Amino acid sequence: MNKVVISGTGLFTPPNAVGNEQLVAAFNQYVRAFNAENQAAISDGSVAALAESSAEFIVKASGIQQRYLMDATGVLDPERMTPFLPERSNDVLSIQAEMAVAAAREALANAGKCAADIDMVIVACSNMQRAYPAMAVEVQQALGISGYGYDMNVACSSATFGIQAAVNAIACGSARAVLMVNPEICSAHLNFRDRDSHFIFGDAATAMVLENADLATSAQRFEILGCKLATVFSNNIRNNAGFLNRCDESGIGALDKLFVQQGRKVFKEVCPMVGEHIVSHLASLSVAPDAVRRFWLHQANLAMNQLISRRVLGREATPDEAPVILDRYANTSSAGSVIAFHLYSADMAAGEIGVLSSFGAGYSVGSVVLRKM
């Protein structure tokens, strides 16, 4: 079986940085308008008054201070509070493919590879803008890559599951190199009128080149020592948007067609699941947790990452051991752990070990153990 390395990564950051204060100003203006319009119903108890949000509340609840959005104007309009992303002609590159291509070009350059070197493209993300044709095939065409491509969705764990798929293809020889991309427009499925979640997500795209270790030439290479995946069904994180919605008109426009979660249950159930998963994975590779130089964790919630790190290490992780990008990127679903890896891996020395891990709806959890070459 061929050894597999990560030889290059790329990151596309949207142009609109939106701080908590801006988001809160729009949200609170909407709340005041709603409460004023429904004053009589609120007074007689038939409608619940909405509570305002605050920047302090957001930081305390999540650790997020800002996020990048593909469109800020629509989100910050209290009468709309949804990104404005015009539909494109079928003859024009789709918006998610455009994001993926931008990240992919950087990953290819960092890996020292060109389109002719890639045999397979995987688009692994939570948010798919259409059912078909696969965005991976569109990205493949845009970059001039031969071979084949497909889309896959395991929510926030899509990147680690995509890495496993790439490793399998390279290890068995069906691909020399794989381009795995994670274009996320999380803002499009977020309910910006829900106080408990209006601040959670941002947009971004990441890309990763994985290849046969014998063919890799880049300066930054990480050997994949092992991948471990797990899923357990749960309704606590859900998005029911889909093509069947039109078959029952009563559900059209319902809140469950956007992101919904039972946050406290998710926190209570996912953190121990992820901690035990990582510890078990390391043990199977005879790697002690304290021998891990860095953890690139899914960037969903700061308190979750801190608790998971404690469960793995038996103590608080330092910012160097478990770097945070959540504060400025927010939750970017499948892209989050790859952003952390992209921004905080170059300083590692040869032989040092790291763990890239993601977790989310499903429940799903994935971990990838890496060694710097």
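Helices (H or I, at least four residues) and strands (E, at least two) are DSSP runs, numbered from the N terminus.

The model is predicted: local features need pLDDT of at least 70, side-chain atom pairs count only at pLDDT 80 or more, and totals for chains, interfaces and linings use all residues. Residues are numbered from 1 along each chain as its sequence is written, and side-chain values use heavy atoms, with hydrogens and water left out.

Within helix 10, colour the buried residues G336, S337, V338, I339, A340, F341 and H342. Next, select S333, which is found in the loop between helix 9 (326-329) and helix 10. S333 is buried at 2% relative accessibility, and its phi is near 55 degrees, a positive value in a residue other than glycine.

Strand 1 runs antiparallel to strand 7 (residues 203-212), to which eight bridges join it; two strands pair if DSSP finds at least two bridges between them. To see one of these partners, select G10 together with A207 in strand 7. Strand 8 (residues 222-231) is also antiparallel to strand 1, with two bridges, and here I6 stands opposite F222.

**The second largest pocket**

On a 1 Å grid over the protein atoms alone, a pocket is an open set of points with protein on both sides within 12 Å along at least five of seven lines, and lining residues have an atom within 4 Å of a point. Grid points are joined across faces, edges and corners, and a volume is the space filled by probe spheres (1.4 Å probe) set on the points. Select G8, T9, N110, Q220 and S345, which are the closest to the centre of this pocket among its 13 lining residues.

**The largest nonpolar core**

Which residues touch the most other members of the largest nonpolar core? Select I278, L282, F295 and I308, which hold that place among 47 residues. A nonpolar core is a set of buried Ala, Val, Leu, Ile, Met, Phe, Trp, Tyr and Cys residues joined through side-chain atoms within 4.5 Å. Elements that give two or more residues to this core include helix 1 (20-37), helix 7 (263-284) and helix 8 (302-313). Helix 7 gives the most, with seven residues. Around I308, display C271, V274, G275, I278, L297 and F359, which it touches, leaving aside residues up to four places away in sequence; contact means heavy atoms within 4.5 Å. A second, separate core of 38 residues includes V4, M120, A166 and L370.

In helix 5 (residues 135-143), the buried residues are M135, A136, E138, V139, Q140 and L143. Their cover includes helix 4 (95-111), strand 4 (120-124), strand 5 and strand 6 (177-185). Select G149 in strand 5 (residues 148-152); G149 is buried, with a relative accessible area of 17%. Beyond residues up to four places away in sequence, G149 touches V121, A136, V137 and Q140. In the loop between strand 4 and helix 5 lies P133, joined to Y132 by a cis peptide bond with omega of about 0 degrees.

Where is V232 placed? Look in the loop between strand 8 and strand 9 (237-238). V232 is partly exposed, at 44% relative accessible area, and touches M273, G362 and Y363, not counting residues up to four places away in sequence. A cis peptide bond joins G362 and Y363, with omega of about -10 degrees. Finally, select S286 in the loop between helix 7 and strand 11; S286 is exposed, with a relative accessible area of 71%, and has a positive phi near 60 degrees.

Methods. Buried < 20%, exposed > 50% of the residue type's maximum accessible area, 1.4 Å probe, protein only.
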